[in-house]
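Here are a few friendly notes to read alongside the model. Please keep the viewer open as you go through the points.

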Amino acid sequence: MEDKVEKKLRQREYRYEREQRYLRKRSELDEVLEEVFDQQTLMTLYDLMNKRLIRDFYGVVSAGKESRIYLAKDSEDRDMAVKIYLVVSAEFRRNRLMYVVDDPRFKKTPKDFRDFIYLWARREYKNLETAYESGIPVPKPYFVRNNILGMEFIGEDGKRYPTLIEVELSEETYVKVYEQVMDAVEKLYRKARLVHGDLSEYNIFILPDDRIVLIDLSQAVHVEQPIADKLLLRDLKNISRYFRKHGVEVEEPEEAFERITGHPPIIPP
Ligand SMILES: Nc1ncnc2c1ncn2[C@@H]1O[C@H](COP(=O)(O)OP(=O)(O)O)[C@@H](O)[C@H]1O
Ligand SMILES: [Mg+2]
C-alpha cells in the first residue's frame with residue numbers, strides 16, 4: 001500500500017517537474033519567437049522539444065520573408081540550425097491581420113496552404129539528404145516535422161560562417177572556390193540527380209579553410225523534371241557572372257551545361 005502511494009507521489013512529482021520545465025521553456029520560447037508563429041507551429045516546436053530533438057533555442061540567424069532560421073542546441077549540446085517555414089509570412093500578417101483578427105470565421109489558415117508549406121519543408125529535407133548522401137557539401141539534415149527542419153549549423157561557437165556575398169577573397173582563392181562550386185553542381189546533377197535552382201553567392205557558405213557549403217535546397221528539382229534544364233542553365237549563368245566579376249576565367253555557361261548533362265541546352269521559350 002505504502003509503495004503504491006509513494007509511486008503515485010513520485011509520478012506526480014515527476015509530472016509536476018516536467019510541466020514546470022515545459023512552462024519555463026514555453027515562456028522563454030515565446031520571447032524568442034516574437035509572435036511570428038501560428039499556434040500549430042508552436043505546437044510542433046513544443047513537441048520537438050519534448051521529444052528532445054531540440055533542447056534549446058538561441059538567437060535568430062536569419063529572418064526572411066518565407067522562413068526564419070534559428071540557432072538551437074540538440075540534446076547533446078551541439079549547435080543546430082532550425083529552419084521554420086512561415087505558414088503565414090510576417091509581412092502578410094502585418095498587412096492583413098487587422099482584417100481578420102476578430103473574425104470568428106478565420107481562426108485557421110486553410111489546410112491546403114498549410115500542407116503546401118509542409119511539403120516544401122519535406123522537399124528541402126529530402127533534397128539535403130540526397131545531396132548529403134552523394135557527398136555534396138550541404139548541411140547534414142537532422143529532422144523535419146511539419147514546417148520545421150533541423151540541420152547542421154554551418155559556423156562555430158554559435159556564429160555562422162559568411163556566404164560568398166559577404167566576403168572579399170584573394171584572386172587565387174576565388175579560383176579555388178569556383179572549382180569547388182562547379183564540382184558541386186556537377187556532382188549534384190550526376191550523383192544526386194538534382195539541380196539546385198537558386199544557386200548564387202547568397203546561398204554558398206565559405207568556411208575558414210575555403211571549403212564551401214551549399215544551402216537553401218527547398219526549390220531544388222530532380223533532373224528529369226521539365227524545368228530542370230532551365231534552372232541549371234540559370235544557376236550556371238549566376239556562377240559565371242559572379243566569378244567572372246572577381247577575375248576568374250570561367251567556363252561559358254552553355255559549355256558547362258553540355259559537359260555536365262551530355263546535351264546542349266535547348267530551352268523552350
Ligand atoms: N545550416 C545553416 N547554418 C547556419 N546558417 C544558416 C544555415 N542555413 C541557413 N543559414 C542562414 O540563414 C540564411 C537563410 O537561409 P536559406 O536557407 O537561404 O533561406 P531563405 O529561403 O530565407 O533564403 C542564410 O543566408 C544563412 O545566413
Ligand atoms: Mg537563401
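**Notes on the helices**

1. Leaving aside residues up to four places away in sequence, Ile260 touches Val185, Glu186 and Tyr189 (contact: C-beta atoms, placed from the backbone, within 7 Å). Ile260 belongs to helix α7, residues 253-261 (helices are DSSP runs of H or I with at least four residues, strands runs of E with at least two, numbered from the N terminus). Ile260 counts as partly exposed because it has 19 C-beta neighbours inside 10 Å (buried means 20 or more other C-beta atoms within 10 Å, exposed 12 or fewer, partly exposed in between).

2. A word on conventions: this is a predicted model, in which local features need pLDDT of at least 70 and side-chain atom pairs pLDDT 80 or more, while totals for chains, interfaces and linings use all residues. Residues are numbered from 1 along each chain as its sequence is written, with chains lettered from A and ligands numbered from 1 in the order written.

3. Helices α5 (residues 171-190) and α6 (residues 228-245) pack at about 175 degrees, their axes 11 Å apart (axes are lines fitted to C-alpha atoms over the stretch in contact; angles between N-to-C directions run from 0 to 180 degrees). α5 is therefore roughly antiparallel to α6 (an angle over 145 degrees). From α5, Tyr174, Tyr178, Val181, Val185 and Tyr189 meet Leu232, Asp235, Ile239 and Phe243 of α6.

4. In helix α4 (residues 111-133), the buried residues include Glu124 and Asn127. Their cover includes β3, β4, β5, α5 and β8. Just after α4, Gly135 has a positive phi of about 80 degrees.

Definitions and conventions:
Parallel < 35°, antiparallel > 145°, perpendicular 65-115°, else oblique. Contact = placed C-beta atoms within 7 Å.
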